[in-house]
Amino acid sequence: MRFLASLRSGRDTVTGMIPGWVLAVVLIVFAVIFPYLVGSGSFLDASTQTLAYVIMALGLNIVVGFAGLLDLGYVAFYAIGAFVIGWFGSQQFPDVNGGKGIHILASDRATFQPKLSGGRLDIAGIHINFFIVLFIAMAITALWGVLLGAPTLRLRGDYLAIVTLAFGEIVPRVFENSTSGLFGIGSTDFSHGRQGITPIDKINLPWSHDLLYSDANLKPAYWVALGMVFFTIFVNRRLRDSRLGRAWIAVREDEVAAASMGINLVRTKLWAYAIGAAFGGFAGVFLGTYNNTVNVDQFEFGFSVFILAMVIVGGMGNIWGVIVGAVALSMMNRYGLPQLNSLSEPLGFDVTSISFGIFGFFLLIMMVLRPEGLIPSGRRRLELREAEIEGSEDTGAVGDMSQMYEVRQ
Amino acid sequence: MSDQQQSGGAAVASSPPVGETLMEVTGVSKVFGGLVAVNDVNFIVPRKAIVSLIGPNGAGKTTFFNCLTGLYRPTTGRVNFDGTDITAKRPDIVTQAGIARTFQNIKLFRTMTATENVEVGMHPRLRSRVTGMILRTPFVRREEKAARERAREILSSVGLKRMDELAMNLPYGDQRRLEIARALASEPKLLLLDEPTAGMNPQESEELRTLMERLRTEQDISILLIEHDMKVVMNVSDHITVLDHGEKIAEGSPQEVRQNPRVIEAYLGSQA
């Protein structure tokens, strides 16, 4: 604990000496030239995946960190985003447009066109350029964020956790079973069941025929992901410092007071769900094409915990903390756990098979030692410290709240 | 119950307040299970008036407040405010209609600064939309800047100097002041104050009294006040309503209420 405290004071003095923008510029430059430092190997691949997880962690941070709503089913939005690229960037729907398919700014190479037939694209299926699908997916996941968020608005705490957990389980099952129509409508195969959709169109710039990246040169994929991270950070910061961001904090701190100040609780919470979900879909589209497959096995409950752990370990509500948490856990998942594996081999079990048990253990340790996360937001630290000091009073407040909570939404 | 009401009617000549009506409450009751917390209360707040609601502990004053502001749905009765029916409307809609309130047990956003608390209070008066917030359009920029300046104005008008202090670190009296500032930020026509002088020293109470009078004369705000400090109540009120066991037992000018035997009985107990 003393070590952590000294670390914190050290950080304060460092940030005190260097202006914030200098730090930001240094970080951005480092992030951009990073691929040249590590080459185009598996570490760059891991870093690219990590960037996608950073986006999801930042998205979940809006729901959990800013608005204070627990969400254990975030994987649902990853799934929806990934399936959107699966539908709009593959040969999943061969009968569309009389077997000629629909092509919007997706080049022949990106869509695995076997041979240019007179310069025309006519491979079957819907093929829309990746960069357009990104925003289609954001819109669709935002809508689903609202649809899944709406029934949970009256719930809080454990109940909210249970319902969101269920949504996280239901959504992938719905996709898995959509081999003959979606929601029982139609008879088209939407998912190939457990086999999933593959291959997924590669990324090409709208004005170029060439693939943006290949397995031999992953750098551009990294930069696409990095650009998406910058966009996510930008939106997060703007919203945090806005009227809506203030309303989220107010709702998190005291719903009764927030409602009495004229804040529409329903609308405020639904915005958090929608924007948080949109970033889940945003990252989902990227991971879909980057992994070249959209498969329901990717969308397990454990993944929701994985992202939530990033948010909590990093520091709920703090954008930089969440990024640090995401990078740390993602890299640990990729490199740390397999290392442990070689240690545990003599014991006769596979550490990666209990990886989420290990993340759970980390969460417990964090809760005991440093509940506010590695780089907490100032507010969260105060809230937690206060809850500690006024523990006895707090139970009184809960009693008062439940009585007060005829507050209707 | 009806017996009591009759005797009440006989014993007290209740004189309703005069003046143009801002809020009219008709027959509001609130029942929790078998407990009648507020029973058939009729009530009028005129424009530019300071009306007090007094009564012993547990008389139903705060419950009545909660029925007016939408935190509770009244079991029966109607609330008409400034020409619109706000009965059982959501709290945020009631606030937008022009009623703002403070809380008996202070409910500030504790990890926000004083200025930020007031800015949250302005929420219903701000017009930025989500896309505008993300792009930070000139309109949003201007509005945010104006909101900050206005918040500071309001804070200085209630006499709070430590504007960038976190709400949780403010002394008790300042927290009460901040609650009033936050309520004023929504530009209300009616301000509901729930025991604002609780925990204040006599000097602070006196400052609050002058603030209330200033709000009425300078900003034409009506004030509905729940208060136990009789010195404040008697000095500031145009009109007083007395609740006991959820029922209105008297109303009138401070002079009338002070001499009312039922009020004295409610406060001091029956001599018989």
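Author: The largest cavity holds about 80 Å³ of space. A cavity here is a set of points, on a 1 Å grid over the protein atoms alone, where a 1.4 Å probe fits but cannot get out. Its volume is the space filled by probe spheres set on the points, with grid points joined across faces, edges and corners. The model is predicted, so to speak of local features takes a pLDDT of at least 70, side-chain atom pairs count only at pLDDT 80 or more, and totals for chains, interfaces and linings use all residues. Residues are numbered from 1 along each chain as its sequence is written, chains are lettered from A and ligands numbered from 1 in the order in which they are written, and side-chain values use heavy atoms, with hydrogens and water left out.

Which residues line the largest cavity? Lining residues have an atom within 4 Å of a point. They are Asp71(A), Gly73(A), Phe77(A), Gly145(A), Leu148(A), Gly149(A), Thr152(A), Thr164(A), Phe167(A) and Tyr273(A). Two helices of chain A, α5 (130-149) and α6 (157-176), each supply at least two lining residues. The largest share, 3 residues, comes from α5(A). Helices (H or I, at least four residues) and strands (E, at least two) are DSSP runs, numbered from the N terminus. By class, the lining has 4 nonpolar, 5 polar and 1 charged residues. Nonpolar covers Ala, Val, Leu, Ile, Met, Phe, Trp, Tyr, Cys and Pro; charged covers Asp, Glu, Lys and Arg; the others, Gly among them, are polar.

The structure holds 3 cavities of 30 Å³ or more.

Pro199(A) sits in the loop between α6 and α7 (219-240) of chain A. Most residues other than glycine have a negative phi, and most peptide bonds are trans. In chain B, Arg136(B) has a positive phi of about 45°, although it is not a glycine. Arg136(B) is in the loop between α5 (130-135) and α6 (138-157) of chain B.

Now the sheets of chain B. An open sheet of 4 strands runs in the order β2-β1-β4-β5, with antiparallel pairing. Two strands pair if DSSP finds at least two bridges between them. At the edges stand β2 and β5 (84-85) of chain B, each pairing on one side only. Helix α2(B) packs on this sheet and touches β1, β2 and β4 of chain B; its direction makes about 115° with that of β1(B). Contact means heavy atoms within 4.5 Å. Axes are lines fitted to C-alpha atoms, for helices over the stretch in contact, and angles run from 0 to 180 degrees between N-to-C directions.

Within this sheet, β1 (21-32) and β2 (35-46) of chain B run antiparallel and are joined by 8 bridges. The hairpin of β1(B) and β2(B) has 2 residues between the strands, and Gly33(B) there takes a positive phi near 55°. On the other pairing, 5 bridges join β1(B) to the antiparallel β4 (76-81) of chain B. Glu24(B) stands opposite Ile44(B) in β2(B) and opposite Asn80(B) in β4(B). Met23(B) has Phe81(B) as its bridge partner in β4(B).

A further open sheet in chain B has 6 strands in the order β6-β7-β8-β3-β9-β10, and the pairing is mixed. Because β6 (99-101) and β10 (247-252) of chain B stand at the edges, each with a single partner strand, one side of each is left without a neighbour in the sheet. Neighbouring strands are turned by 20° against each other on average, direction ignored. In this sheet β3 (50-54) and β8 (222-226) of chain B pair in the parallel sense over 4 bridges. Ser52(B) has Leu225(B) as its bridge partner in β8(B). Helix α2 (61-69) of chain B packs on this sheet, touching β3, β6, β7 (190-194), β8 and β9 (239-244) of chain B, and its direction makes about 150° with that of β7(B).

Last, the domains. An automatic or database assignment divides chain B into domain 1 (1-98 + 188-272) and domain 2 (109-187). The contact takes 19 residues from domain 1 of chain B and 13 residues from domain 2 of chain B.

How values were computed
On a 1 Å grid over the protein atoms alone, a cavity is a set of points where a 1.4 Å probe fits but cannot get out, and a pocket is an open set with protein on both sides within 12 Å along at least five of seven lines; lining residues have an atom within 4 Å of a point.
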